[in-house]
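Trainee: I would like to learn how to read a few backbone and surface features. Could we go through them one at a time?

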Amino acid sequence: MTGTFGPAAFQLVLLRRMADFQPDLAEEARHRLGATLAEQREANKRWQAMVRSRGALARYRSMLGPPESAAHRRIGDLECEALLWPVPLWPDLRFEVLAAPDGAVWNEWLVRAPGAPGPVLESARDLRPWSATVDEVARAFAPARPLEGTAPTRWRLAFAAQGRPYVAQFTYGLLQEVAPGPAAPAG
């Protein structure tokens with residue numbers, strides 16, 4: 001690890017939040033990056049300083065460089081730019097930022113890379129940690145219902161599989177865990 005805040009340090013920031021759910025997977029990934037716990041803490045400290053000092057889109061461009069791709073996207077009545085950056089820890093995923101025309105960031109999460117095969121999701125048993133994104137789970141188990149997350153980088157989905165209700169937890173858009181849910185979504 002170097003002193004610059006680049007893709008490797010950004011991945012350490014992602015892993016820090018994912019460790020709340022999957023500490024063993026996050027620890028293994030940190031080792032694959034060749035980073036110490038102290039380097040991870042420093043990366044998170046620098047990230048927090050960037051969050052307070054820069055606009056979100058400028059923050060991503062400065063630490064990740066130019067995006068791998070950028071495309072105009074329309075979501076309902078909203079128009080935005082979808083920017084994708086590679087994430088070496090997850091080669092089949094990309095970090096996606098949806099930005100308004102004024103540069104405000106509306107959403108930031110991991111998505112499946114264009115052309116990369118997604119997971120086969122047919123039952124709740126197929127939902128293993130880090131195996132799927134929010135969008136993939138929502139499509140596989142429609143109608144899924146979004147629930148309020150427990151933090152800005154977290155999402156939850158309520159869905160039914162084999163007639164049983166579940167709630168899936170995601171961090172930065174990547175599946176962390178699935179638990180029995182209180183009620184199936186209305187459909």
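Trainee: In which loop is Trp130 found?

Mentor: Trp130 is found in the loop between β4 and α5. Helices (H or I, at least four residues) and strands (E, at least two) are DSSP runs, numbered from the N terminus. Before going on, note that this is a predicted model, where local features need pLDDT of at least 70, side-chain atom pairs count only at pLDDT 80 or more, and totals for chains, interfaces and linings use all residues. Residues are numbered from 1 along each chain as its sequence is written, and side-chain values use heavy atoms, with hydrogens and water left out.

Trainee: Is Trp130 buried or exposed, and is Gln162 buried or exposed?

Mentor: Buried means under 20% relative accessible area, exposed over 50%, and partly exposed in between (1.4 Å probe, protein chains only). Trp130 has a relative accessible area of 13% and is buried. Gln162, at 53%, is exposed.

Trainee: Which residues does a cis peptide bond join?

Mentor: The bond is between Ala142 and Pro143, with omega about 0 degrees. Pro143 sits in the loop between α5 and β5 (145-147).

Trainee: Which residues of helix α2 are buried?

Mentor: In α2 (residues 23-32), the buried residues are Ala26, Ala29 and Arg30. They lie on the same side of α2, because they cover an arc of only 105 degrees around the axis. That arc is taken from the directions from the helix axis to the C-beta atoms. After α2 comes Gly34, with a positive phi near 75 degrees.

Trainee: What is the order of the strands in the open sheet of 4 strands?

Mentor: Two strands pair if DSSP finds at least two bridges between them. Here the order is β1-β2-β3-β4, with antiparallel pairing. β1 (69-75) and β4 are at the edges with a single partner strand each, so one side of each has no neighbour in the sheet. Strand β3 (residues 93-99) is joined to β4 by 7 bridges, and Leu93 has Arg112 in β4 as its bridge partner.

Trainee: Which residues lie nearest the centre of the largest pocket?

Mentor: On a 1 Å grid over the protein atoms alone, a pocket is an open set of points where a 1.4 Å probe fits, with protein on both sides within 12 Å along at least five of seven lines; lining residues have an atom within 4 Å of a point. Trp47, Glu108, Pro152, Thr153 and Tyr172 lie nearest the centre of the largest pocket, which has 16 lining residues. Its lining divides into 9 nonpolar, 4 polar and 3 charged residues. For these classes, Ala, Val, Leu, Ile, Met, Phe, Trp, Tyr, Cys and Pro count as nonpolar, Asp, Glu, Lys and Arg as charged, and the others, Gly among them, as polar.

Trainee: Which element gives the largest share of the lining of the second largest pocket?

Mentor: α5 does, with 4 residues. The second largest pocket is lined by 13 residues, with Arg112, Thr133, Asp135, Glu136 and Arg139 nearest its centre. This lining has 5 nonpolar, 2 polar and 6 charged residues.
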